[in-house]
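This briefing goes through one protein model by topic. Please look over the sequence and the coordinates before reading the points below.

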Amino acid sequence: MNKIGFFNSLKNDQWVKPFLQKYKKALILALTLGVITFICGGALMFNSGYLISRAASLPENILLIYVPIVLTRAFGIGRPVFRYVERLVSHNWVLKMTSGLRLKLYQSLETRALFIKQDYRTGDILGLLSEDINHIQNLYLRTIFPTIIAWVLYAIVIIGLGYFSIFFALAMLLLMAIVVFGVPLWSVIVSGARQEQQKQIKNVLYGELTDNVMGVSDWIFSQQADEYVQHHEKSQAKLHKVNAKLQSVNNFRDLMVQLMFGVITLALLIWAGNYFPGNHGGSANWIAAFVLSVFPLIDAFAPLPAAAQETNVYQDSVNRFNDLPAANKKTDDHQQITGPVSLSVSHVSFTYPESNKGVLSNVDLQINPGDKLAILGRSGSGKSTLAHLLRGDLTPTDGSVKINSIDVAEFGDDISNYIGVIHQNPYLFNTSILNNVRLGRESATEDEVWHVLERVGLKSLIQSMPDGLNTLVDEAGLRFSGGERHRLALARILLKEVPIILLDEPTVGLDPITEQHLLDTFFTQLTGKTIIWITHHLQGIDLMDQVVFIEDGQIEMSGSPAELEQGNEHYRQLRAIDQGI
């Protein structure tokens, strides 16, 4: 890994470079303020050196150097002011950038949200959110900004010295080049492999630690907690060893930089002594001015080796981001439909990008307003994939899914205005019952919330709680049973008033009595709505208008429950098995 590799990573980058263009005005302002800050620092020391020499040569000269005194005050005030404003602008720029980066990361992962656990470990996502975004942030603050500012100052110094002496300017060009280019390049070469190793160990630690914390109870129950701790300590010791080696190299590098500045200062002192000869005043007063002006440059040039060295880490972070799937582009056009809502599935086939096996093949369905459709099938038959296609969460490989002749993908987030979903495990947030139900419609009044709670059969329960609607829901809704959580999810749907309801196996894990009561509530309260019920067994199936069986990605049989009961032996066998006959 080297600096050339880093620039190659940036060449086709879609994560870092776009923000340079998007916020270019703020970027230019931050860089300009950074340069002015160091110019003020150098000018302050330059004026101070001149004043010290001039005042020391003849005390009465203090009355004749009013302008340098004023300039010293101006640069003395200007340096912290410009530094503060530069930090304010640059950090504001970086915070905007990281905010946009996190949003872009979310939008990128959203395209794979249904399968995120299949594609990524939780530790990988945490690594992207914490480690990699932090690295991208530092790429600007600790590498791009300081490097550009230092290069500009380097050019200014050499041009300025060239005004006095071309020969000495060339000599300083070479000496400063060692600090500006030589030491950083050496640092990249020497520390590159170790930094890459450090980054990889950290990535592994994120994944392993998250995985083991989530499964800590299994470690304890299997009586292997000590083995887990020992394994983690070994990984930490390996990381500590790499860190120690890097720190040793960094200490030597910093020593080299300080020695080089010592050489530069000495060279400038010798040159100034020869260029401005004289005793007790005159041109000799400029010697201290030139020599002292070097010291603020140390603050500008010293960070360059560390900044260059860290490009090894940044390259891996940039590559990890660019390996993510591209984010879907959002459109400002909002599709709106009026009147009865129908849903059509035309010749739909679907294959996951990472698999060559088709999940669905040439599926056709027409769901009219008010229809009640049950989609059944074994695990892996494709029924859940079909549900995601209906919602627009996935895009068909072939064919189309449309609402009133408009492709569902065109609705974007607005699809929630037309299709509501009740999942297997509705999530309740750690806030009040009122806020949880209002997720359906934030503007709903308390009377409206009580009304939908009464419709789903929870009004009495919540009235009996000490704080009523303001009762806090435990994290993940643990104070409520499975059936109660589904009723609260139904209350959200009733507030939303969407025309199509997708029931994605909402009764999984419930006992038969609770399941039947819940189904009765669903179909009673959703009268007049279009209902698409994804299920794996046949309890309550007689409430449906049409039943579709999916097998190996294709519709195996379809019809009304009565038609299938009379004319399909396979359906009768399945029903008998489901009823335990």
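Predicted model: local features only at pLDDT ≥ 70, side-chain atom pairs only at ≥ 80, totals over all residues.

**Annotated segments**

- An unreviewed UniProt entry places the feature "transmembrane region" at residues 27-50, 62-82, 139-160, 166-189, 255-272 and 284-302.
- In the model, residues 139-160 are 100% helix and 0% strand, with 30 Å between the end C-alpha atoms.
- Residues 166-189 are likewise 100% helix and 0% strand, and their end C-alpha atoms lie 33 Å apart.

**Nonpolar cores**

- The largest nonpolar core has 46 residues, and Met 176 and Phe 301 touch the most other members.
- Elements giving two or more residues to this core are H3, helix H4 (66-110), H6, H7, helix H9 (225-275), helix H10 (286-292) and helix H11 (295-301).
- With 13 residues, H6 gives the most to this core.
- When residues up to four places away in sequence are not counted, Met 176 touches Tyr 154, Val 157, Ile 158, Ile 264, Leu 297 and Phe 301.

**Second largest pocket**

- The volume of the second largest pocket is about 490 Å³.
- This pocket is lined by 19 residues, of which Phe 46, Ile 156, Val 157, Ser 293 and Leu 297 are the closest to its centre.
- At least two lining residues come from each of helix H3 (24-57), helix H6 (122-164) and helix H7 (166-214).
- The lining of the second largest pocket consists of 15 nonpolar and four polar residues, with no charged residues.
- Val 157 and Leu 297, both listed among the residues closest to the pocket centre, are also touched by Met 176.

- Thr 147 is located in helix H6.
- Thr 147 counts as buried because its relative accessible area is 14%, and the cut-off for buried is under 20%.
- Apart from neighbours within four places in sequence, Thr 147 is in contact with Leu 304 and Ala 307.
- Leu 185 belongs to helix H7.
- Leu 185 has 46% relative accessibility, so it counts as partly exposed.
- Between Leu 185 and Gln 309 there is a separation of 124 residues in sequence, while their C-alpha atoms are 7.8 Å apart in space.

**Helix H14**

- Helix H14 spans residues 383-391 and is mostly covered, with eight of its nine residues buried.
- The buried residues of H14 are Lys 383, Thr 385, Leu 386, Ala 387, His 388, Leu 389, Leu 390 and Arg 391.

- Most residues other than glycine have a negative phi.
- Asn 404 has a positive phi, near 50 degrees, and is not a glycine.
- The loop that holds Asn 404 runs between strand S4 (398-403) and strand S5 (406-407).
- Glu 497, also not a glycine, has a positive phi of about 60 degrees.
- Glu 497 sits in the loop between helix H18 (482-496) and strand S7 (500-504).

Notes. Residues numbered from 1 in each chain as written. Heavy atoms only, no water. 1 Å grid on protein atoms, 1.4 Å probe; cavity = no way out; pocket = protein on both sides within 12 Å on 5 of 7 lines; lining within 4 Å. Points joined across faces, edges and corners; volume = space filled by probe spheres on them. Helix = DSSP H or I, 4+ residues; strand = E, 2+ residues; numbered from the N terminus. Nonpolar A, V, L, I, M, F, W, Y, C, P; charged D, E, K, R; others polar. Core = buried A, V, L, I, M, F, W, Y, C linked by side-chain atoms within 4.5 Å. Buried < 20%, exposed > 50% of the residue type's maximum accessible area, 1.4 Å probe, protein only. Contact = heavy atoms within 4.5 Å. UniProt positions renumbered as here; feature names shortened; annotations may be inferred.
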